[in-house]
Amino acid sequence: MAKQQQAIQSIRGMHDILPEQSSYWHWLEKNIKEVVGSYGYQEIRLPIVEKTELFKRSIGEVTDIVEKEMYTFDDRNNDSLTLRPEGTAGCLRACLEHGLLHNQSHRLWYYGPMFRHERPQKGRYRQFYQFGVEAYGISGPDIDAEMILITHRLWKKLGILDKVELQINSLGTSEERLKYQIAVRDHFNNRGMFAKFDSDFVERYQRNPLRALDSKSDTPATQDAINTAPKLSDYLGEESRKHFDEFKQILDELKIQYRVNERLVRGLDYYSKTVFEWVTDELGSQGTICAGGRYDGLIEQLGGKPNHAIGFAMGMERILALVELLENVDIAPTVDVYMIRVGEAAEQAGMILAERLRDQLDGLKLQVNFGGGSFKSQFKKADKSGAAYAIIIGDDEAQRGDVALKSLRVEQEQITLNHDDLIDRLKSHLSL
Ligand code: ATP
Ligand code: MG
């Protein structure tokens with residue numbers, strides 16, 4: 001006898017989405033698409049693999065993602081390729097490549113899996129899904145505000161608005177940030193206290209002095225150094241300051257609540273001016289469900305003419321984890337009607353009727369029992385399917401050319417109907 005093989009398992013941090021979860025995904029995807037659609041955004045579909053160079057040049061060499069999180073490999077031609085860790089770079093690459101940015105503006109969305117070799121934990125995976133939005137060619141703060149309006153409307157629709165907080169900041173231009181970076185470096189150097197700083201802080205500082213400011217380390221020395229550090233807002237130029245003020249003003253006028261978080265710097269190099277995050281405290285330390293900002297400079301960095309860009313990405317798994325905490329998510333059932341067939345004639349008649357029902361009732365979700373079984377066992381399966389109604393066909397019904405219809409969810413007498421009446425009934429009961 002052949003020895004039983006050991007089963008192969010999925011890759012750590014990469015998860016299957018099982019059938020019982022996929023209805024939640026559909027529900028979320030549908031809601032998001034409706035919201036972005038209501039602002040006139042169009043979908044762009046992008047490859048999952050890009051040249052490694054694209055991410056190095058856009059995200060930045062000295063970032064967590066490029067330094068230690070990318071899935072990079074040589075293909076058979078020895079070209080270095082990378083599984084996309086995020087969508088912004090690929091989206092911009094595609095728009096530049098196809099000339100979409102010549103004197104035009106575009107409002108786009110993309111959706112799909114991203115890959116980062118991080119330490120897997122709740123809310124942090126190696127394959128995860130992002131829904132992203134990007135707007136090109138629009139310079140004013142109104143488009144920055146639209147990013148917030150879209151996400152705000154979505155949280156409202158999903159029922160999680162009261163669980164999230166909007167944090168905003170302005171990073172200024174890259175020149176302003178450079179000046180600020182020097183000031184921060186001087187500040188920490190003057191303190192001459194590196195020996196007292198803990199490793200998280202020092203590591204962040206060495207990678208990027210600004211990242212040290214959002215270090216979670218809570219030793220008195222680091223906290224004191226962070227709290228007394230210069231403020232980025234003092235280094236913003238006239239134009240950046242005005243842009244940020246106008247952005248806030250629009251949010252105020254639309255009564256969108258926010259908190260200015262001066263420590264919000266984001267982990268990617270390409271941001272300038274407005275940045276924002278939607279954060280919850282209900283998911284432990286993986287609390288950011290959506291993050292984004294303006295990245296005007298990236299277009300030139302990728303070989304385009306000076307232009308404007310802003311966008312955000314949300315983590316689908318984290319949003320779903322928040323949604324799971326809700327009680328009443330209105331998930332559409334997989335099956336509306338389950339057909340029970342007992343006996344050879346019934347099986348034949350049922351199959352024909354089922355196809356006729358699908359022909360005539362657009363949107364009907366009808367599952368036919370296969371594999372036989374008694375009325376009792378088929379009723380059990382009907383109940384388990386989640387269907388609201390069962391159509392029952394036995395020998396008598398098959399002979400007469402009618403069916404029995406029974407509600408599975410409310411106490412009601414089973415009724416006998418001919419096929420035409422059945423169609424009318426289902427149409428009105430299921431609002432088809
Ligand atoms: P974090 O600070 O949590 O590492 P990030 O700044 O790396 O997030 P972005 O690159 O801005 O995240 O991605 C946008 C969103 O994608 C995040 O706010 C989060 O919701 C989600 N996300 C990022 N990395 C992961 C991951 N490894 N697993 C699941 N979701 C993720
Ligand atoms: Mg990260």
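**Group meeting: a predicted chain and its ligand**

Good morning. A compact globule of 432 residues would have a radius of gyration near 22 Å, whereas this chain has 28 Å; the radius is taken over C-alpha atoms, and the globule rule is 2.2 Å times the number of residues to the power 0.38. This is a predicted model, in which local features need pLDDT of at least 70, side-chain atom pairs count only at pLDDT 80 or more, and totals for chains, interfaces and linings use all residues. Residues are numbered from 1 along each chain as its sequence is written, chains are lettered from A and ligands numbered from 1 in the order written, and side-chain values use heavy atoms, leaving out hydrogens and water.

Let me begin with the chain as a whole. Its C-alpha trace spans about 95 × 65 × 45 Å along the principal axes. The secondary structure comes to 16 helices and 16 strands, where helices (H or I, at least four residues) and strands (E, at least two) are DSSP runs numbered from the N terminus. Buried residues make up 50% of the 432; buried means under 20% relative accessible area, exposed over 50%, and partly exposed in between, with a 1.4 Å probe and protein chains only.

I turn now to ligand 1. How many residues surround ligand 1? There are 15, and the closest are Arg116, Glu118, Arg124, Arg266 and Thr288; a residue is near if one of its heavy atoms lies within 4 Å. By class, this shell has 6 nonpolar, 4 polar and 5 charged residues. Ala, Val, Leu, Ile, Met, Phe, Trp, Tyr, Cys and Pro count as nonpolar, Asp, Glu, Lys and Arg as charged, and the others, Gly among them, as polar.

Strands E6 (127-136), E10 (288-294) and E11 (309-315) each supply at least two residues of the shell, and E10 gives the most, with 4. An N or O atom in the side chain of Arg116 is 2.7 Å from an oxygen atom of ligand 1. A backbone N or O atom of Tyr125 lies 2.9 Å from a nitrogen atom of the ligand.

Finally, consider Glu146, in helix H5 (residues 141-158). Is Glu146 buried or exposed? Glu146 counts as buried because its relative accessibility is 14%. The side chains of Glu146 and Tyr41 are joined by a polar contact of 2.6 Å, that is, a pair of N or O atoms within 3.5 Å; within protein, one must be able to donate a hydrogen and the other to accept it, and residues adjacent in sequence count only if both atoms are side-chain atoms.
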